[in-house]
Amino acid sequence: MTELIKIRDVPAKYDISTRALRYYEDMGLLQSTRSADYAYRLYDGHAIKRLEQILILRKLNISIKDIQLIFQASGSEVILDILERKVKDIDGEVSLLRDLKDIILEFIEQIKRADFSKDTDVKKLYDKAAKVENHIVNISCDGNTSKADRLLDVADKLKKSPEIRIIQINPFKAFSSGADRIENVLGPFQQWQEAHNHLIKQMIYGAPDFLWFEEDMKAVWIWAVEEWVTWEDTAPFTERSV
């Protein structure tokens with residue numbers, strides 16, 4: 001009989017959170033099993049092997065979308081194409097970062113030649129820093145695009161804004177951690193939630209929960225529950241319908 005690993009034992013072995021495991025399942029990358037006499041998720045040998053593949057690809061900075069394509073493919077052509085594109089992206093970023101390094105080194109030399117005891121030199125450096133982008137624009141790059149354009153290009157690649165969608169969700173019942181310290185939310189609250197998975201209701205995009213972090217180092221985690229769930233079922237983490 002294939003040995004099954006409990007979900008609580010996976011994070012310690014692979015340095016991954018249980019939330020990430022559930023996310024991979026929601027995205028169709030991983031599949032767990034359930035036992036009639038055990039309430040938590042279980043993973044067989046095949047699932048653990050798949051998890052190891054996912055973690056390797058994520059360490060290579062392969063996106064979830066590309067990992068889905070890799071697992072859907074029957075041969076190695078797709079993964080080879082994705083990795084080759086990744087290499088080209090890295091080559092471009094390395095070239096741009098070299099340009100940035102040259103610009104910073106030039107600025108360092110100017111600082112070394114300055115006298116910080118003189119107000120005039122400090123003012124010059126301040127003006128130089130404020131106008132550094134204009135300075136870069138005037139530097140040619142062997143007849144190609146300016147360094148500024150290339151630096152802006154790598155910035156776009158390295159600092160892509162997340163895709164934002166505005167959606168409307170109908171009112172639903174939920175229980176919540178409330179605003180609490182992160183270690184409590186991801187500790188006792190998460191343990192209680194996992195023990196009460198039978199109350200959970202799938203919501204938008206198949207996800208039953210919402211988690212966000214406050215500025216005061218606290219977090220709030222809300223889980224949707226089925227309509228038949230009562231306040232007593234979710235005590236002490238009851239939340240009004242939202």
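A search of the whole structure, which is a predicted model, finds 5 aromatic pairs. Rings of Phe, Tyr and Trp (for Trp, the six-membered ring) count as a pair if their centres lie within 6.5 Å; planes under 30 degrees apart are called stacked, over 60 edge-to-face, and the rest tilted.

One of these pairs is F175 with W192, an edge-to-face arrangement with 5.1 Å from centre to centre and 80° between the planes. This pair links distant parts of the chain, since F175 belongs to strand β4 (residues 174-176) and W192 to helix α9 (residues 182-194), 17 residues apart. Helices (H or I, at least four residues) and strands (E, at least two) are DSSP runs, numbered from the N terminus. Both F175 and W192 are buried, where buried means under 20% relative accessible area, exposed means over 50%, and partly exposed lies in between (1.4 Å probe, protein chains only).

A further pair is formed by F189 and W221, and this one is tilted: 6.1 Å centre to centre, with 50° between the planes. Here too, distant parts of the chain are linked, with F189 in helix α9 and W221 in strand β7 (residues 218-224), 32 residues apart. F189 and W221 are both buried. Together, F175, F189, W192, W221 and W223 form one aromatic cluster.

Residues are numbered from 1 along each chain as its sequence is written, and side-chain values use heavy atoms, with hydrogens and water left out. Because the model is predicted, local features need pLDDT of at least 70 and side-chain atom pairs count only at pLDDT 80 or more, while totals for chains, interfaces and linings use all residues.

I turn now to charged side chains. How many salt bridges does a search of the whole structure find? The search finds 4, a salt bridge being a side-chain nitrogen of Lys or Arg within 4 Å of a carboxyl oxygen of Asp or Glu. Side chains of opposite charge can pair when their charged atoms come close.

R22 forms a salt bridge with E194, and their closest N and O atoms are 3.4 Å apart. R22 is in helix α2 and E194 in helix α9, so that pair links parts of the chain 172 residues apart. R22 and E194 are both buried.

E25 forms a salt bridge with R41, with 3.2 Å between the closest N and O atoms. The two residues are 16 apart, E25 in helix α2 and R41 in strand β3 (residues 38-43). Again, E25 is buried, and so is R41.

K201 and E227 also meet in a salt bridge, at 3.8 Å from N to O. K201 lies in the loop between α9 and β6 (209-213) and E227 in the loop between β7 and α10 (231-234), so this pair ties together parts that are 26 residues apart in sequence. K201 is partly exposed, with a relative accessible area of 24%, and E227 is partly exposed as well, at 45%.

Where is S32 placed? S32 is in the loop between α2 (18-26) and β2 (33-35). Is S32 buried or exposed? S32 counts as buried because its relative accessible area is 16%. Its side chain makes a polar contact with the side chain of E25 at 3.0 Å.

Methods: Polar contact = N/O pair within 3.5 Å; in protein donor to acceptor, adjacent residues only side chain to side chain.
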